[in-house]
Amino acid sequence: MKKESFILYANQYAALERLTDGQLGALFRAIYRWLNGDAVKTEMLEPQLFVAYKFLTLQIEINNEKYLQSKQRREAGKKETQGKRSVNAVNNSSSALTRACVNVNENVNANENVNVNENENENVNENVSLFANKQTTTGETPADTDTKTEEKEDEIRNKCMNFMKYWNQCVKKSGTRMSQVRALTPPRVEAIREIMRVFPPEQAAQAINNAMRSPFCNGETRLRPKPVDFDWLLKVKNFTLALEGSL
């Protein structure tokens, strides 16, 4: 079901306060057309309006996604509650039969406990011997060290891959002129590792989102008529500027 409303935040006004009344009217007309599924000719918008349009529509998309997720959780909670009620009804209807079988179960359990105790003693002895065998190994073999090194490298590569996926997701949702990336090359792995070493995850995400909205990064300024690329932003100096909103 399509959500019929959207939210504007007070802190968004800072990005819109320099627009004229006419520009604001054109901006919100374009947003309402987009919400109603009509085609919006973004190329006809002024550069300043285009940036504001992308900024607001991206926030609306994020809010809509959160709304849908919340709605799905509520529906799942209702189904779970209904399921528990059904189970309780079955349990109540079978309580009489359960009471009738108590004596039989007690006799069966008494016999089973004897076997269980014997099995547990055997298992304890087996576990002690296995533990002792493991303790005889006093150091790691070269093969163990190589395995741990490979596992660490795989973990680092997975983190870098997630970083790249987040970039591509932001590019797709924001409508930026910057390009998605396809290859996780060794130089990119090293650059991403350095970014993750310097910046915590929340700052890294903020820097990427700031870059998506930056006219400079999108190649919409006289100083830079072409959009920047992924590798340019991965330089710590440029990434810092993006985080601080200085691009």
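Entry on M178. I looked up M178 and found this residue in the loop between α5 (142–174) and α6. For element names I use DSSP runs numbered from the N terminus, helices being H or I of at least four residues and strands E of at least two. M178 has a relative accessible area of 3% and is therefore buried; the scale is buried under 20%, exposed over 50% and partly exposed in between, with a 1.4 Å probe and protein chains only. I also took the C-alpha separation of M178 and N168, which is 9.7 Å for ten residues along the chain.

Entry on the source. I note that this is a predicted model, where local features need pLDDT of at least 70 and side-chain atom pairs count only at pLDDT 80 or more, while totals for chains, interfaces and linings use all residues. Residues are numbered from 1 along each chain as its sequence is written, and side-chain values use heavy atoms, with hydrogens and water left out.

Entry on the cavity. I searched the whole structure and got one cavity of 30 Å³ or more. On a 1 Å grid over the protein atoms alone, a cavity is a set of points where a 1.4 Å probe fits but cannot get out, a pocket is an open set with protein on both sides within 12 Å along at least five of seven lines, and lining residues have an atom within 4 Å of a point. Grid points are joined across faces, edges and corners, and a volume is the space filled by probe spheres set on the points. The largest cavity holds about 70 Å³. Among its lining residues I listed F50, K54, S174, M212 and E220. Two or more lining residues come from each of α2 (47–93) and α7 (201–213), and α2 has the largest share, with four. By class I got four nonpolar, four polar and three charged residues in this lining; Ala, Val, Leu, Ile, Met, Phe, Trp, Tyr, Cys and Pro count as nonpolar, Asp, Glu, Lys and Arg as charged, and the others, Gly among them, as polar.

The largest pocket has a volume of about 520 Å³. Of its 20 lining residues, A15, V51, R213, S214 and P215 are the closest to the centre. I found α2 to give the most to this lining, with five residues. The lining splits into eleven nonpolar, five polar and four charged residues.

Entry on rings. How many aromatic pairs are there by the rule? I counted five, where rings of Phe, Tyr and Trp (its six-membered ring) pair if their centres lie within 6.5 Å, and planes under 30 degrees apart are stacked, over 60 edge-to-face and the rest tilted. F6 and Y32 pair edge-to-face at 5.7 Å centre to centre, with 70° between the planes. F6 lies in the segment before α1 (21–35) and Y32 in helix α1, so this pair ties together parts 26 residues apart in sequence. F6 is partly exposed at 23%, and Y32 is partly exposed at 46%. F199 and F239 form a tilted pair, 5.1 Å centre to centre and 50° between the planes. F199 and F239 are both buried. I also noted one aromatic cluster of F163, W167 and F230.

Entry on cysteines. I found zero disulfides, a disulfide being a pair of cysteine sulfur atoms within 2.5 Å. C170 is buried at 9% relative accessibility, and C217 is buried at 0%.
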